[in-house]
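My notebook is open, and I am working through this model one item at a time. Here is what I looked up, in the order I went.

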2 protein chains.
Amino acid sequence: MTTYRLDLAYDGTDFHGYARQPAVRTIQGELEAALERHIGSVETFVAGRTDRGVHATGQVASFATDAAVDPDRLRRSLNRMLGPEIAVLDLRSAGPGFHARFSATGRAYTYLVLDREPPDPFLARTAWHYGRPLHGDRMAAAAVHFVGEHDFASFCRAAEGRSTVRLVRVATWRRIREGLLAFDVAATSFCHQMVRSMVALSVEVGRGRVEPDTVPAIIAARDRAAARGAAPPHGLTLVSVDY
Amino acid sequence: MTTYRLDLAYDGTDFHGYARQPAVRTIQGELEAALERHIGSVETFVAGRTDRGVHATGQVASFATDAAVDPDRLRRSLNRMLGPEIAVLDLRSAGPGFHARFSATGRAYTYLVLDREPPDPFLARTAWHYGRPLHGDRMAAAAVHFVGEHDFASFCRAAEGRSTVRLVRVATWRRIREGLLAFDVAATSFCHQMVRSMVALSVEVGRGRVEPDTVPAIIAARDRAAARGAAPPHGLTLVSVDY
């Protein structure tokens, strides 16, 4: 058996998320169907199981097979079948122990918020059009408090008894240009809706309805009700995975 | 009567071009219908009547009306009705002689070509996925010959007896990042399919099938058959208009 690593980008708009589900179109479902046509049925693993509507520019998947694989030919064939919504940026053999999910040591996401009144036709699929000006400096001051190892239960949906402790390495807001803010966040891993919950709280801070220095108490509450819900999925993009 | 100037951006993917036509969805048709609901029927003029599938980030339109107009309120209402595919970036009163088309002294376009094998899900609507590597330096060398006042009949579709002489001020190819080339071109005005014809020829140069120094002879031929057809519309964006 040889293990292969796939680097993927996708526009999640028209998919029901990454993870395969019966009767709906998913990234994993499309990818495994395309792989099956070339090398037979394989099980794929993925670094970040993105929700419905979430995008990726640097997703990583893996699979093992004993079929003969020419990585360049397979990549080109997959791109013809899956493009342009899903792109296979790279496909190559990895070490035998490589597992896209369990070998990953970190994930990085970016969330885009358009805080001007006119929409942007070219960001309609990938940015949350909030439509009112936000105070980026206040949001950056709030985000500082996310960095470090914390129990993020206030920011996690449906924890179901699993640990919600995560180590956040980076959490910053930057203004890309007038009217457009980006949240860059990196952690060992994220619980469900964690980034979107951080964004929703940040936006309340940016509007002036929550003070940046209340974030530590919101984290300490370990209570979903202490936060401010979740921002919409379409502003979120998985940008890279560390191994 | 007061004259108003509108600055527009739009994703042309799902429109049958800018200019109003019966029974199909066009930018002008949508814009005039939305204006009519607020200030009654008006005739709009536009700097660049973009073809089906062509986009704009800096289109300019104008109209005159004796209706009472609050520009900020009207802009917000238009954005609610037209967004996110069409955005009204700005709406303000202009001098009485202002005419979006006839007052314009220059138009600038950008054309994007993805010259790597994998598609880019986020550029699927706005870049031509050529899919094979192109030699950007050769394309830049070819583009130099477009600059200046020339008869561009070789690059114009259906000239119908009108002059095809144009003054091109800027024509450059640049590599935005690995796998992505941009053609920036500015002129007093453009004849039909002129930019897309320049791109098609440039791409043949970039593949090595046409030499950069043959461009002057192709221009001098003043014959559509001397060029190399037209690149697809969806890579083209009107970026700015000068007055």
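Entry 1: I began with Ala56(A), whose bridge partner in β10(A) is Leu238(A). This is a predicted model, so I read each of these pairings as a prediction. β3(A) and strand β10 (residues 236–242) of chain A run in the parallel sense, and I find two bridges between them.

I then looked for the other partners of β3(A). Strand β1 (residues 2–10) of chain A pairs with β3(A) in the antiparallel sense, over eight bridges. One residue I picked out here is Leu6(A), which has Ala61(A) as its bridge partner in β3(A). Strand β2 (residues 45–46) of chain A also pairs with β3(A) in the antiparallel sense, with two bridges. For Phe45(A), the bridge partner in β3(A) is Ser62(A).

How many residues of strand β3 in chain A are buried? I find eight of the eleven in the stretch 55–65, and I noted the strand as mostly covered.

**Entry 2: chain A as a whole.** I stepped back and listed five helices and ten strands for chain A. Along the principal axes, the C-alpha trace spans about 60 × 40 × 30 Å. I also checked the radius of gyration: a compact globule of 243 residues would have a value near 18 Å, and the 19 Å of chain A agrees with that. As for burial, 44% of the 243 residues of chain A count as buried. Then I looked at contacts in chain A between residues at least 6 apart in sequence, and 71% of them join residues at least 24 apart.

**Entry 3: two domains.** The domain assignment of chain A gives me domain 1 (2–94) and domain 2 (106–242). Their C-alpha centres in chain A lie 27 Å apart. To the contact between them, domain 1 of chain A gives 15 residues and domain 2 of chain A gives eleven. What kinds of residue make up the side of domain 1 of chain A that touches domain 2 of chain A? I wrote down four nonpolar, eight polar and three charged.

**Entry 4: where the chains meet.** Next I turned to the pair of chains. I find 21 residues of chain B in contact with 21 residues of chain A. On the side of chain B that touches chain A, β1 (2–10), α2 (71–82) and β4 (86–94) of chain B each supply at least two residues. The largest share, four residues, comes from β4(B). By kind, the residues on this side of chain B divide into twelve nonpolar, four polar and five charged.

Why do I say that the copies meet through the same surface? I say so because 100% of the interface residues of chain B are also interface residues in chain A.

Entry 5: Pro84(A) sits in the loop between α2 (71–82) and β4 (86–94) of chain A. In chain B, a cis peptide bond joins Gly83(B) and Pro84(B), again with omega about 0°. Pro84(B) is placed in the loop between α2 and β4 of chain B.

Ala23(A) is not a glycine, yet has a positive phi of about 70°. I located Ala23(A) in the loop between β1 and α1 (27–39) of chain A. Is Ala23(A) buried or exposed? I marked Ala23(A) as exposed, because 6 other C-beta atoms lie within 10 Å and the cut-off for exposed is 12 or fewer.

Arg222(B), also not a glycine, has a positive phi of about 45°. Arg222(B) belongs to the loop between α5 (215–221) and β10 (236–242) of chain B. With 16 C-beta neighbours inside 10 Å, Arg222(B) went down as partly exposed.

Definitions and conventions: Residues are numbered from 1 along each chain as its sequence is written. Chains are lettered from A and ligands numbered from 1 in the order in which they are written. This is a predicted model: local features need pLDDT of at least 70, side-chain atom pairs count only at pLDDT 80 or more; totals for chains, interfaces and linings use all residues. Two residues are in contact if their C-beta atoms, placed from the backbone, lie within 7 Å. Ala, Val, Leu, Ile, Met, Phe, Trp, Tyr, Cys and Pro count as nonpolar, Asp, Glu, Lys and Arg as charged, and the others, Gly among them, as polar. Domain bounds come from an automatic or database domain assignment. A residue is buried if 20 or more other C-beta atoms lie within 10 Å of its own, exposed if 12 or fewer, and partly exposed in between; C-beta atoms are placed from the backbone. Two strands pair if DSSP finds at least two bridges between them. The radius of gyration is taken over C-alpha atoms; the globule rule is 2.2 Å times the number of residues to the power 0.38.
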